[in-house]
Amino acid sequence: MTLTLRQGDRHADRVLDVVRRGFHEEGNDLVTRSWSRCLNQYQLDPGRPREPVIIASSALQSRRNQHADVIECARYEMTTLYQQLADAESAVVLTDTDGVIVHMVSSPEFAAEAEPMGLRAGGMWGEAEAGTNGMGTCLAAAHPISVRREEHFFSHFTQLTCSAVPVFDPSGEIIAVLDVTSRSSLMQQHVLVLLGMTARMIENRLIDKRFSNAHPLHFHSRPEFVYTLHEGKLAVGDDGRILAANRSALFQLGLQSMDEIRTQRIDDLFQTSLEDIVQRSLSSSFHPVVAYRANAALRFFAVARRPASDAAVPARARAGGAGTAPMVAETGTDSFRAPLRPVAAARAPGIRTFKDARLVAHLDTARRVVARRTPVLLCGETGSGKEVFARAIHESSPHSEGAFVAVNCASLPETLIESELFGYKAGAFTGAQRSGRRGKILQADGGTLFLDEIADMPLELQARLLRVLDERQVTPLGTEETHPVDFQLVSASHQHLPSLVREGRFREDLYYRLAGIELDLPPLRDRTDKRELIHDVLKDEGGSDCRLGEDAERMLMACPWPGNLRQLRHVLRSAAALSDGKTITREHLPSLVARVAPSPVPAYAALPAASEPMDASAPDAAPSDAAPAVKLNPIQANERQVLLQMLEQHRWNVSNVAKALDVSRNTLYRKLHKLHIEISPPD
């Protein structure tokens, strides 16, 4: 991986020439400024590379201990990023603020080849030691950067390309640098975007970890972006003071730094109190509720929860019972992990909505069968409330003191679902956590395992799951050790599993193992408590002062609701915004007015998966004359995330995004349309 002497001399001459001429050569200004620092400040010679600087193992361990929480928050996200890149000749690297590599994920082959250059744990990559490079220059410039091949200061690095972004702690200070180093010679804009997304996830995890005693508050101006990477996130103390915020929160609130927000309370930012927004979030089953910006005409959608540390308080202190409150482990989309929260927080909304006679009867049936540990299969259209019903079953089961662990089989990439379900031991694969990882099945031991969208589980994993259900033992990846497990199984699907069995797309033996009893949940249009639900949801979305006119209520009652509760929530959310505090009329329900001769949608219709966000600006839950939603493959889903991130960064200016990607606007518009991204800017 070295250049010939002549090539090295030419590279050194070019670096010296560019710096002497005052950076007039076209190129990366951050790079040429770095070259100048290396020459004039660090007294480095581009023609005389230094030996790699590797710190002692004891010093490395000391640094790792100092940054243990950052490394813990970064491990899984780095592994996910490495799998997304799918490049065996690359490494995902985390350094501390001195440029020392404290964690790295790569293939063994690439790691062995790069080790002589110092690309290993303990290697120092600050500019003073390694010259211009992604990690060191990112630290020096405090800015994302790509350093391609000949842009490195030293010639022996010119067969590498480094892209790096800073990682900020909750106080707004740089705490680490996240880098991807590879042999690629291509533009690294997409890698920088992926790195930026990963850095945000690490920062959000760090807020959760360092402020576990605070109330987490998630918000965005667009409801579908809550619980995604683009959300604003606050950590709020019991007294309502803001303790921490992520960068998206500062951007959306129009603030420049953490110093500005730390002096404020939640009622200084929003027209609400902490207790009010927590209670409204609880009542809405933790769907986003409306919150207005204080002293400004800006509307946000927010969710607030009790502190995660509350789960450690004995249940006796909260509910008069003994033991410890169970925790809810949620699996979100595309590597985003929602924080653990007490299952007690989800209890009230689930019970509150069960006023329909069939649901009450189903719940009574479920209580009886789960007492004998019979598996339950829930069937129903997308958005009909299967997870809420599953939580109610858990609360009524002998396993209610254990965890409720929900896994959406449709939202996990096939490459991750096996390790997510079964776990793995230390060193099971490249990038695996040193301590190993407990899978969802082991997390559910003593509680309830909820497998949502079970029809989307790959066939090869269905066989492994069947064996676990039969033997009640699980074997993590990379080991032959088995662990006994005891849990209540609840599964759900909006697809008709017997039809999939006949088509060979679902194992018949697994179907009969899941369907100890099969319960069909009624769609919203058939529920007898529809009127009460409409008024309850309207109160959550618009507040207690929001009222329905008679004509609007008749329209809502007559609608077939193909999107069920999810669609109802979006329709009423939009109506509350359009009515602006006045009585809601037909004019405030444009998506329903535009519907022509609606017809009931059959059970298990082809609707978007429950894990896919619904766009509030589009006709809610897709009108009957719209094309059915297309499920994106993992590559397309990744592209969609990258484009959404870039649109957010460029304030939804398509021209600027096209320029950043070096493509025409027409090409970008075609890509946006293909990936189902609306081009109108957010509210």
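How are α27 and α28 oriented to each other, roughly parallel or roughly perpendicular? The sections below take up this helix pair, then another, then a strand.

## The model

This is a predicted model, in which local features need pLDDT of at least 70, side-chain atom pairs count only at pLDDT 80 or more, and totals for chains, interfaces and linings use all residues. Residues are numbered from 1 along each chain as its sequence is written, and side-chain values use heavy atoms, without hydrogens and water.

## Helices α27 and α28

Helix α27 covers residues 654-661, and helix α28 covers residues 665-674. Helices (H or I, at least four residues) and strands (E, at least two) are DSSP runs, numbered from the N terminus. The two helices pack at an angle of about 105°, with their axes 9 Å apart. Axes are lines fitted to C-alpha atoms, for helices over the stretch in contact; angles run from 0 to 180 degrees between N-to-C directions. α27 and α28 are therefore roughly perpendicular to each other. Angles under 35 degrees count as roughly parallel, over 145 as roughly antiparallel, 65 to 115 as roughly perpendicular and the rest as oblique.

From α27, the contact (heavy atoms within 4.5 Å) takes in Val654, Ser655, Val657, Ala658 and Leu661. From α28 come Arg665, Leu668 and Tyr669. These residues divide into six nonpolar, one polar and one charged. Here Ala, Val, Leu, Ile, Met, Phe, Trp, Tyr, Cys and Pro count as nonpolar, Asp, Glu, Lys and Arg as charged, and the others, Gly among them, as polar.

## Helices α15 and α16

Helix α15 (residues 357-370) packs with helix α16 (residues 386-395) at an angle of about 45°, their axes 9 Å apart. That makes α15 oblique to α16. Leu359, His362, Leu363, Ala366 and Val370 of α15 meet Phe389, Ala392 and Ile393 of α16. This contact has seven nonpolar residues, one polar and no charged.

Two strands pair if DSSP finds at least two bridges between them. Six bridges join β1 to β5 (residues 174-182), running antiparallel. β1 also pairs with β2 (residues 101-106) in the antiparallel sense, over five bridges. Threonine 95 stands opposite valine 177 in β5 and opposite isoleucine 101 in β2. β1 and β2 form a hairpin with five residues between them. In the turn, glycine 99 has a positive phi of about 85°.
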